[in-house]
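Please keep the sequence and the model in view while reading.

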Amino acid sequence: FPSLVSLQVLIYRRLFKLLFKVVLVGKDVVPKKQLIVGLEVANYARSTISTGIQRIISGFHDDVSTFWEARGISLLPLVCQKPSDYDFRHLLKSSKLGQPFLSKTLCEPGECDAILLLDIDNGIDFLRLRRLADSGIPVVALIHDVLPLLYPNWFIEGGRRAFQLFLQQTLFAASQLITTTEKVRRDILNL
């Protein structure tokens with residue numbers, strides 16, 4: 001029986017197969033150049049602790065980068081945040097999670113063939129992402145769950161409102177939404 005991270009990586013490999021189809025929608029052939037998929041990584045810089053999701057995503061970055069490089073997709077770290085005092089480049093270099101993935105050169109959002117949001121926060125520049133999506137760059141967001149909306153008493157005060165804002169902004173910015181399970185998809189549709 002594989003570990004949780006291995007199971008999650010298998011799920012993410014399937015997610016990337018779907019992402020690959022999204023990027024190529026309307027294109028007759030696989031492009032000759034390497035596809036660049038930017039993965040938003042600012043949470044590595046913002047996090048003072050690592051939650052289960054950050055550890056899973058860190059494992060994903062390490063394992064799946066090599067897997068997809070061989071298939072013509074280059075995964076690169078991306079920071080698409082609202083202006084702030086954070087020095088993301090410095091903080092990302094010192095992050096314990098996400099290495100060696102974070103040692104790759106950060107890509108700019110406009111350089112990407114697609115943008116994947118796996119672990120995001122309200123610091124993201126959702127308006128910029130919406131503009132990129134409107135220009136034809138697929139912005140794909142993964143929603144792990146909507147538990148703060150379903151069970152607000154399980155979370156700190158204000159958690160429901162913060163998550164609601166996050167979800168609204170994600171729905172606004174993303175051109176494609178992917179959920180981890182059919183249950184999460186139904187939960188979102190029933191909100």
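**Salt bridges, core and strands in a predicted model**

Arg130 and Asp134 both belong to helix H5, where they lie four residues apart, about one turn of the helix. The model described here is predicted. In it, the side chains of Arg130 and Asp134 meet in a salt bridge, with a distance of 2.8 Å from N to O.

**The chain as a whole**

- The secondary structure of the protein chain consists of eight helices and five strands.
- Along the sequence, these elements follow the pattern α-β-α-α-β-α-β-α-β-α-α-β-α.
- The protein chain has 191 residues, of which 47% count as buried.
- Among contacts in the protein chain between residues at least 6 apart in sequence, 77% join residues at least 24 apart.

**Salt bridges**

- How many salt bridges does the structure hold? There are three salt bridges in the structure.
- In the Arg130 and Asp134 pair of helix H5, Arg130 is buried, because its relative accessible area of 19% falls under the 20% limit.
- Asp134 counts as exposed, because its relative accessibility of 57% is over the 50% limit.
- Glu182 forms a salt bridge with Arg185, and their closest N and O atoms are 2.9 Å apart.
- Glu182 and Arg185 are three residues apart in helix H8, so about one helical turn separates them.
- Glu182 is partly exposed, with a relative accessible area of 41%, and Arg185 is partly exposed as well, with a value of 40%.
- Asp187 forms a salt bridge with Lys183, with the closest N and O atoms 2.9 Å apart.
- Asp187 and Lys183 both lie in helix H8, four residues apart, about one turn of the helix.
- Is Asp187 buried or exposed? Asp187 counts as buried, at 14% relative accessibility, whereas Lys183 is partly exposed, with a relative accessible area of 46%.

**Nonpolar cores**

- In soluble globular proteins, nonpolar side chains tend to be buried together.
- The largest nonpolar core of this structure has 26 residues, and those that touch the most other members are Ile115, Leu117, Leu129, Ile143 and Leu167.
- Which elements each supply at least two residues of this core? They are strand S2 (73-78), strand S3 (114-117), helix H5 (126-134), strand S4 (139-143), helix H7 (159-173) and helix H8 (182-189).
- Apart from its neighbours within four places in sequence, Leu167 is in contact with Ile143, Val146, Leu149 and Leu191.
- A second, separate core has 16 residues, among them Phe60, Ile73, Ala114 and Ile178.

- Why is S4 described as largely enclosed by the rest of the structure? Five of the five residues of S4 are buried, so the rest of the structure largely encloses this strand.
- Val139, Ala141 and Ile143 point one way from S4, while Val140 and Leu142 point the other way, and all are buried.
- S3 and S4 run parallel and are joined by three bridges, and Leu116 stands opposite Val140 in S4.
- S3, H5 and S4 make a right-handed β-α-β unit.
- S4 also runs parallel to strand S5 (residues 176-179), and four bridges join the two strands.
- The bridge partner of Ala141 in S5 is Leu177.

**Helix H8**

- Which residues of H8 are buried? The buried residues of this helix are Val184, Asp187 and Ile188.
- Seen down the axis of H8, its buried residues fall within an arc of 95°, so they line one face of the helix.
- The cover over the buried residues of H8 includes S4, helix H6 (147-150) and S5.
- Asp187, which is found in helix H8, touches Val146 and Leu150, not counting residues up to four places away in sequence.
- Asp187 is thus a buried residue that also takes part in a salt bridge, its partner being Lys183.

Key. Residues numbered from 1 in each chain as written. Predicted model: local features only at pLDDT ≥ 70, side-chain atom pairs only at ≥ 80, totals over all residues. Heavy atoms only, no water. Core = buried A, V, L, I, M, F, W, Y, C linked by side-chain atoms within 4.5 Å. Buried < 20%, exposed > 50% of the residue type's maximum accessible area, 1.4 Å probe, protein only. Contact = heavy atoms within 4.5 Å. Salt bridge = Lys/Arg side-chain N within 4 Å of Asp/Glu carboxyl O. Pairing = 2+ DSSP bridges. Right-handed = clockwise from strand over helix to strand, strands pointing away. Arc of directions from axis to C-beta.
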